[in-house]
Amino acid sequence: MAILEVRDIASGYGEVQILWGAHLKLEEKKLTCLVGGNGAGKTTMLRTVMGLIKPLSGTIWFEGKDVSRVPAYTKADMGLVLVPEGRQLFTDMSVYENLEMGASNKRARGKVKDNLEKVYTMFPRLLERQTQKAGTLSGGEQQMLAVARGIMADPIVLMIDELSLGLAPVLVLQLFESLRALRDAGITILLVEQNVHMALAISDYGYVLSEGRSEIEGPARQLIKDKHVREAYLGL
Amino acid sequence: MNAGAILTSLVDGLLIGVVYGIAAMGLNLIWGVMRVINLAHGALISLGMFGVYLLFSGLGLNPYLALVLVALMGLLMGILIYAIAITRVINAPYLSTLLATFSINMIVIGLGTAAFTTTPRDTGFSLGNVEVGPLTLQGTRLIAALVTLIVTAILYTFLYRTRTGKYIRAVSNNRSAAELMGIPSSRILALSFGIGTMLAAIAGGLIATFFSFTILSGDVYQQKSFIIGVLGGLGNPLGALVGGLILGVLEGVLPLAMPNTWVPVIEFVLFILILLVKPSGLLGGKK
Ligand SMILES: Nc1ncnc2c1ncn2[C@@H]1O[C@H](COP(=O)(O)OP(=O)(O)OP(=O)(O)O)[C@@H](O)[C@H]1O
Ligand SMILES: [Mg+2]
């Protein structure tokens, strides 16, 4: 059964409609990626799923419940977590406080200690920088913190918008490896990526979004070989 | 003029400056957390004055016990104001929030004038004078400064050490990210407005223990709060305290050298100069 399902969603900003009937299905404990060109509507999709924007039509189902109109802060309580585009850290607060804030939802509050251990094992750099203001971290460290803060939320479904943007290839590899580890630990992941090749390489399943509509979907291994995907998104 | 008199003016200025600081802190907190300039701040300070006055003169309550009640009422009132009015315009452009808080100001002052007229009131409360070496200080001012320092320490501990306090800082820093973390941001904003109002009420209540006042008196302290905000940097509670001290000292010492009526002129010139030279405030703070 799909743990998260987006059915025929339409959404946008005020008068401007961006999504025109897109869909998405996340299988439990799998890594799914959502790719597409700039401005295709990927971020809009995630914001709509989280409840930061209200859908114009269509429905969103999480663990068998219709959550289309549930506000963002309640979604976090349910275990639906977004690592937003541009990181959106609490720049004036310390690294530790950012992690603490990540664990604000009702599910995560009791598990701060366990999850803290988890993220410090995954990103030892953050432990070294615990008391530093998040705004003064390097770009890569900030991205680690954004992901770590997401993990602190004890997600059932973790959605990450642009994991690799602006990061050195070594770090991208390391972050992708940690995503796989998280999936193997039982977290369902939705990854939005510019880096289509790498995203498809580590994902189980993939969706291609184009001009606000779901264009192609399939097992990631097949999409990588798909002629249209190769021409349009991989530049091959 | 002897050295004792100068020293007394200076220390008096410091004591009152601390109280200005707490008034400014209220304005500051609301601006820092939700980017609302609260034009009802002065009216709420006046209500704090009347609260202590009525509980003391009417019911015979000790003014400092009255202050605790006034603080609680301020907190509740602020939350109520947020829930009724501010929440409707919180995402609108600045002009809307300015108009909303200005309307609240007009309502409070209108009702207050009808109920209490504008005849000056005085609690007539006194704790006598305290002599320290060459200094003669009013007991009520000493206590007021002490209360303010305690409230500041509590506020700081609350904002930096407690979960809810950190939520306030998180919402202030990045509201939509806070929402994503599961923090109900509108409730946090309401609480912040409540705390800002509470600080205004405490400032008013303390001032009422040593100055006479009318329902319009709060306005002066609102203006001072703006100057202090610029001195200390908006969005920074400790900066407000320091800004208050600077202003207090100026008000203590300047009248020794020039007529009293010149003091506000100097203050506002300072205000404009700092805005021109360093808009983020003398002590930094948020842009
Ligand atoms: N707040 C907004 N108001 C109006 N239009 C917006 C807003 N945010 C995004 N858009 C528009 O919506 C369209 C889709 O944007 P979205 O951010 O969802 O794209 P994306 O697929 O995430 O792109 P990218 O890969 O560049 O991040 C774009 O044309 C964008 O200009
Ligand atoms: Mg995007």
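In this predicted model, ligand 1 is surrounded by 13 residues (a residue counts as near if one of its heavy atoms lies within 4 Å), and the closest are Lys42(A), Thr43(A), Thr44(A), Glu85(A) and Gln194(A). Sorted by class, that shell holds three nonpolar, seven polar and three charged residues (Ala, Val, Leu, Ile, Met, Phe, Trp, Tyr, Cys and Pro are nonpolar, Asp, Glu, Lys and Arg charged, and the others, Gly among them, polar).

As for polar contacts (pairs of N or O atoms within 3.5 Å), a side-chain N or O atom of Glu85(A) sits 2.7 Å from a ligand 1 oxygen. Gln194(A) also puts a polar side-chain atom 2.7 Å from an oxygen of ligand 1, while Ala40(A) uses a backbone N or O atom, at 3.2 Å. Of the 640 Å² that ligand 1 exposes when taken alone, the protein buries 61% (Shrake-Rupley, 1.4 Å probe).

Over in chain B, helices α5 (residues 139-161) and α8 (residues 185-207) pack at about 170°, axes 10 Å apart (helices are DSSP runs of H or I, at least four residues; axes are lines fitted to C-alpha atoms over the stretch in contact, with angles from 0 to 180 degrees between N-to-C directions). That angle is why α5(B) is roughly antiparallel to α8(B) (over 145 degrees). The residues of this contact (heavy atoms within 4.5 Å) split into 10 nonpolar, one polar and no charged.

Residues are numbered from 1 along each chain as its sequence is written, chains are lettered from A and ligands numbered from 1 in written order. Local features need pLDDT of at least 70 and side-chain atom pairs 80 or more, totals for chains, interfaces and linings use all residues, and side-chain values use heavy atoms, without hydrogens and water.

Definitions and conventions. Polar contact = N/O pair within 3.5 Å; in protein donor to acceptor, adjacent residues only side chain to side chain. Helix = DSSP H or I, 4+ residues; strand = E, 2+ residues; numbered from the N terminus. Parallel < 35°, antiparallel > 145°, perpendicular 65-115°, else oblique.
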